[in-house]
Amino acid sequence: MKTKKTTTMMCCILAAMLFMASCSKDGDQGPVGPAGPQGEQGSAGLAGADGADGADGVDGAQGEQGEPGTANVIYSDWVNTEFSNNIITTSSSFTIDAPQIDSDLLNFGTILVYARRVVIGGGGNLVYQLPIVFGTARQQSYYFRAQGGEIRITVAANEEGENAGDGTFLEQYRYVLIPGAVSTSGKSSIDYQKMTYEEITAHFEIED
């Protein structure tokens, strides 16, 4: 009788264990549910502090100075000669005021002096750049010297000991002063002295 009760109790315990084992087994995973609605956008964060200023860049190299413009060029009116028609000395001179001539212009600028013979009755005036030498029957040389505030015009006989003679062959004079425009080599990039009078007046828009 006691053995029967023991057997019955063990069967009950085994059944309970089997039931618990079957209950503890996980079931199959179900399908993914639908996505929920998007949440509200959060408020903007505080602005960050300004960064420190960067260091200044290195200055670029200075460009070369340009050629002088028309406004910088100085020129005179035509000035009548002060030479006589019978110079009995070997040379003679007179001066033209040029107050703009200073040390900078003398050292770095270009000074041009022109003389002209007025032709009456057509044919145009004859313009010469000084210095100039006339040979054959005339035997005269015309040249100039620029100094502070003035230009000195001179006529001289070509033949030593001879008189200069008639100094009125060239009747009028004018100057053109071109200041400053020099390159790094110390010379102007244009040789104005090799240009004709017509080229100079056209280049700088000089009234005749």
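Which residues in the largest nonpolar core touch the most other members? Select Phe83, Leu130, Tyr142, Ile151, Ile153, Leu170 and Tyr173; the core has 24 residues, and these seven touch the most other members. A nonpolar core here is a set of buried Ala, Val, Leu, Ile, Met, Phe, Trp, Tyr and Cys residues joined through side-chain atoms within 4.5 Å. Buried means under 20% relative accessible area, exposed over 50%, and partly exposed in between, with a 1.4 Å probe and protein chains only.

This is a predicted model: local features need pLDDT of at least 70, side-chain atom pairs count only at pLDDT 80 or more, and totals for chains, interfaces and linings use all residues. Residues are numbered from 1 along each chain as its sequence is written, and side-chain values use heavy atoms, with hydrogens and water left out.

**Stop 1**

Colour β3, β4, β6, β8 and β9 (172-178). Each supplies at least two residues of the largest core. Strands are DSSP E runs of at least two residues, helices are H or I runs of at least four, and both are numbered from the N terminus. Apart from this core lies another, of twelve residues; Tyr114, Val176, Tyr192 and Tyr197 are among them.

**Stop 2: the open sheet**

Now show the four strands in the order β3-β8-β7-β6. They form an open sheet with antiparallel pairing. Strands pair if DSSP finds at least two bridges between them. β3 (91-97) and β6 (132-134) are at the edges with a single partner strand each, so one side of each has no neighbour in the sheet. From one strand to the next the twist averages 20 degrees. Axes for such angles are lines fitted to C-alpha atoms, for helices over the stretch in contact, and angles run from 0 to 180 degrees between N-to-C directions.

**Stop 3: strand β8**

Select residues 150-157. Strand β8 pairs with β7 (residues 140-147) over eight antiparallel bridges. Look for Phe144 opposite Ile153, and Ser141 opposite Ala156. β7 and β8 form a hairpin with two residues between them. Gly149, in the turn, has a positive phi of about 85 degrees.

On the β3 side, β8 pairs over seven antiparallel bridges. Thr95 stands opposite Arg152 there. Six of the eight residues of β8 are buried, so the strand is largely enclosed by the rest of the structure.

Pick Ile151 next. Its contacts (heavy atoms within 4.5 Å), not counting residues up to four places away in sequence, include Phe94, Ile111, Phe144 and Tyr175.

**Stop 4: the rings**

The whole structure holds nine aromatic pairs. Rings of Phe, Tyr and Trp (its six-membered ring) pair if their centres lie within 6.5 Å; planes under 30 degrees apart are stacked, over 60 edge-to-face, and the rest tilted.

Zoom to Phe134 and Tyr142. Their pair is edge-to-face, 6.0 Å centre to centre with 85 degrees between the planes. Phe134 is buried at 12%, and Tyr142 is buried at 0%.

Phe134 lies in β6 and Phe169 in the loop between β8 and β9, so the pair ties together parts 35 residues apart in sequence.

Then show Arg138. Its charged end sits over the ring of Phe169, 4.0 Å from the centre. The criterion is NZ of Lys or CZ of Arg within 6 Å of the ring centre and within 35 degrees of the ring normal.
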